[in-house]
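Open the model in your viewer and keep the selection panel handy. We'll go stop by stop, picking residues and looking at what surrounds them.

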Amino acid sequence: MALSLTTAFSHLSLPSTSKFHPLPLLHLRFPSSSSSRRAARLALAASAAEAAEPVEVEEAPAEDGADEVVAVEDELSGPALRKYVKQRLPGGFAAQRITATGRRKTAVARVVLQEGTGRVFINFRDAKEYLQGNPMWMEYCKVPLVTLGFENSYDVFVKVHGGGLSGQAQAICLGVARALVKISTANKVTLRGEGLLTRDTRIVERKKAGLKKARKRPQFSKR
């Protein structure tokens with residue numbers, strides 16, 4: 001086989017002047033892994049810088065009335081509220097002109113009325129906070145004012161103790177009604193007609209000896 005190949009190429013004659021010219025090598029540069037990582041880091045840094053640029057947002061101009069309401073709400077909270085109530089009541093509850101006392105069950109409420117916007121303060125706290133947001137108890141405190149149309153004319157300051165929140169709210173109702181009678185005796189007819197000047201004397205009956213409660217007895221056994 002080797003002999004046949006040599007005989008096959010022996011008749012070919014190449015010129016002596018022909019020279020071998022090697023093809024020029026193409027120097028292709030492929031990005032290395034380190035350079036690609038560096039380019040990726042630069043791209044990420046550029047995107048992060050663009051995201052970090054502050055964006056100016058146009059704020060809508062706030063109304064003066066809203067700012068004043070927010071300022072008042074911030075002022076009347078916590079120790080500031082206690083200070084505010086003491087400023088409104090110089091000399092304490094006993095030194096005020098329009099005062100009254102209301103009772104219900106074992107709760108006793110001392111009420112002071114002053115001209116204002118209809119806010120209610122109980123034990124140096126807002127009524128909604130003190131009464132745990134219960135709408136019925138909050139309504140008890142303003143029933144006499146609403147009956148006469150004075151719900152936005154007077155501020156109510158209360159110091160109450162004894163009983164639960166329900167009894168305290170009803171004691172405040174009676175105290176506010178009595179204070180409105182002191183403002184004007186003409187209010188007495190309307191309040192009396194609505195039953196707001198009547199002291200509710202119902203209290204829990206005491207437990208009896210030998211019984212489980214006031215009247216509940218143990219089961220009877222004949223033998």
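Start by selecting Arg 103, Arg 104, Tyr 140, Val 143, Gln 170, Cys 173, Leu 174, Gly 195, Leu 196, Thr 198, Arg 199 and Asp 200: together they line the largest pocket. Its volume is about 190 Å³. Here, on a 1 Å grid over the protein atoms alone, a pocket is an open set of points with protein on both sides within 12 Å along at least five of seven lines, a cavity is a set where a 1.4 Å probe fits but cannot get out, and lining residues have an atom within 4 Å of a point. Points are joined across faces, edges and corners, and a volume is the space filled by probe spheres set on them.

A word on ground rules: this is a predicted model, where local features need pLDDT of at least 70 and side-chain atom pairs count only at pLDDT 80 or more, while totals for chains, interfaces and linings use all residues. Numbering runs from 1 along each chain as its sequence is written, and side-chain values use heavy atoms, with hydrogens and water left out.

Now color by element. Strand S1 (99-104), helix H6 (135-148) and helix H7 (165-183) each give two or more residues to the lining of the largest pocket, and H7 gives the most, with three. Helices (H or I, at least four residues) and strands (E, at least two) are DSSP runs, numbered from the N terminus. By class, this lining has five nonpolar, three polar and four charged residues. Nonpolar covers Ala, Val, Leu, Ile, Met, Phe, Trp, Tyr, Cys and Pro; charged covers Asp, Glu, Lys and Arg; the others, Gly among them, are polar.

Next, keep H6 and H7 on screen. How do they pack? Their angle is about 15°, with the axes 7 Å apart, so H6 is roughly parallel to H7. Axes are lines fitted to C-alpha atoms, for helices over the stretch in contact, and angles run from 0 to 180 degrees between N-to-C directions; under 35 degrees counts as roughly parallel, over 145 as roughly antiparallel, 65 to 115 as roughly perpendicular and the rest as oblique. To see the contact (heavy atoms within 4.5 Å), show side chains including Trp 137, Tyr 140 and Leu 148 from H6, and Leu 165, Ile 172 and Leu 180 from H7. The H6–H7 contact has 14 nonpolar, two polar and no charged residues.

Select Gly 118, Arg 119, Val 120, Asp 126, Ala 127, Lys 128, Met 138, Cys 141 and Lys 142, which line it. Helix H5 (127-130) and H6 give two or more residues each, with H6 giving the most, three. Four lining residues are nonpolar, one is polar and four are charged.

Then look for the cavity: the count is one of 30 Å³ or more. The largest cavity has a volume of about 30 Å³, and its lining is Val 85, Phe 93, Phe 121, Ile 122, Asn 123, Phe 124, Phe 157 and Val 158. Seven of the lining residues are nonpolar, one is polar and none is charged.

Last, zoom in on the backbone. Most residues other than glycine have a negative phi. Asn 123, from the cavity lining, has a positive phi of about 50° and sits in the loop between S3 and strand S4 (125-126). Gln 132 has a positive phi of about 60°; find it in the loop between H5 and H6.
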